[in-house]
Amino acid sequence: LGNTIWTQGGQTNDAVRFDHRAGNHEITIAYIEALENGSVGIATDLNNGTYVARAATQGIMGGNLAGYFLVHDDHSDSNLVSGENTWYTVGARQAGKLSGLDYRVEYYHQFGDGAIPANSADSAGAYTGLTRGSDIDRDAYLFGIRVGKTFKNARFSPTFTLWYDNKSGNDDDDVNGNDYGAYHTVLDTGHKFYGLIDNFISDIGDDTQRYGLEDIAIKAKFNLNDKNVFKVDWHQFLTQTDLEGNDSDTIRGSGTATAGGAFSTAVSNGGALGNDLGQEIDLTLVHKYDANTKIVTGYSHY
């Protein structure tokens, strides 16, 4: 959860937060107002807010174990004709050091109602094949794992990290079961994770036609000297939904989208697609100019 200051649609959100810490435990309760829209001429306030509960304990497996429960209450779509778009995210994140390795493991599951707009087609064709004007059940997940190692006695003290994120997307099973399988990265700081070019930072997944995302990455960091750190990140991006097998025949064949996704035109024409979304490399040099100033330069290529 954070502000997306790096994006062209960068935003911050009003919020209230309460923290309690005692010993190696901490609890956070928060409310974040993602959208406040009481416009003239609208009968009801089309607000969009998130309630957050987080409990964390330090000292578990060399690190910090945090559990999350989020309630996302979205009334921002005036086209909803029945039901409320209220859904939930529950999960846990464990990160720390173990046997000389830095690691992170996390899993989140989303469930609850997701009302479908009554208009004939949304911008990304996300609800293709589902009954409009009715409630659907969310059934989505995100899984992530990271393992890194720092070689302190080697030249430049390099750190190498293997990274994998799996964000679920819609497939034929979802359409046939009137479910919604695209994971929503609620108020996320995607720029920090999915490549610095920001091709995959849509919280609702429009950038992959809501077919989810797999990010396989190798990251390296070199301490050149006391003032300069050089970083190299390489990403392989894939759709989480299999577009080469039978997992998406129905949803692709009846696709109506003509805008909004990286390959929406091909989807709308029922075209054959591949899972490969391409590769990205990010090069970053961080120079510590003085005690109060850092200068960051970089180059990225997709």
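## Aromatic pairs

Rings of Phe, Tyr and Trp (its six-membered ring) pair if their centres lie within 6.5 Å; planes under 30 degrees apart count as stacked, over 60 as edge-to-face and the rest as tilted. The structure holds 12 such aromatic pairs. This is a predicted model: local features need pLDDT of at least 70, side-chain atom pairs count only at pLDDT 80 or more, and totals for chains, interfaces and linings use all residues. Residues are numbered from 1 along each chain as its sequence is written, and side-chain values use heavy atoms, with hydrogens and water left out.

Tyr31 and Tyr51 form a tilted pair, 4.7 Å centre to centre with 45° between the planes. Tyr31 lies in strand β2 (residues 25-35) and Tyr51 in strand β3 (residues 48-60), so the pair ties together parts 20 residues apart in sequence. Helices (H or I, at least four residues) and strands (E, at least two) are DSSP runs, numbered from the N terminus. Tyr31 is partly exposed at 25% relative accessibility. Tyr51 is also partly exposed, at 43%. Here buried means under 20% relative accessible area, exposed over 50%, and partly exposed in between (1.4 Å probe, protein chains only).

The ring centres of Phe200 and Phe237 are 4.6 Å apart with planes at 45°, so this pair is tilted. Phe200 lies in the loop between β9 (179-180) and β10 (213-223), and Phe237 in strand β11 (residues 228-238), so the pair ties together parts 37 residues apart in sequence. Both Phe200 and Phe237 are buried.

## Cluster and charges over rings

Phe69, Tyr88 and Phe111 form one aromatic cluster. Arg138 lies over the face of Trp87, 4.1 Å from the ring centre. The charged end of Lys219 sits over the ring of Trp163, 3.8 Å from its centre. A charge sits over a ring if NZ of Lys or CZ of Arg is within 6 Å of the ring centre and within 35 degrees of the ring normal.

## Gly67

Gly67 is in strand β4 (residues 63-74). Gly67 is partly exposed, at 28% relative accessible area. Its C-alpha atom is 5.9 Å from that of Gly91, 24 residues apart along the chain. Not counting residues up to four places away in sequence, Gly67 touches Ala53, Arg54, Ala55, Gly91 and Ala92. Contact means heavy atoms within 4.5 Å.

## Asp171

Asp171 is in the loop between β8 (159-167) and α1 (172-176). At 19% relative accessibility, Asp171 counts as buried. A polar atom of the Asp171 side chain lies 3.1 Å from the backbone nitrogen of Asp173. The backbone nitrogen of Asp174 also lies 3.1 Å from a polar atom of that side chain. Leaving aside neighbours within four places in sequence, Asp171 is in contact with Thr241 and Asp247.

Methods:
A polar contact is a pair of N or O atoms within 3.5 Å; within protein, one must be able to donate a hydrogen and the other to accept it, and residues adjacent in sequence count only if both atoms are side-chain atoms.
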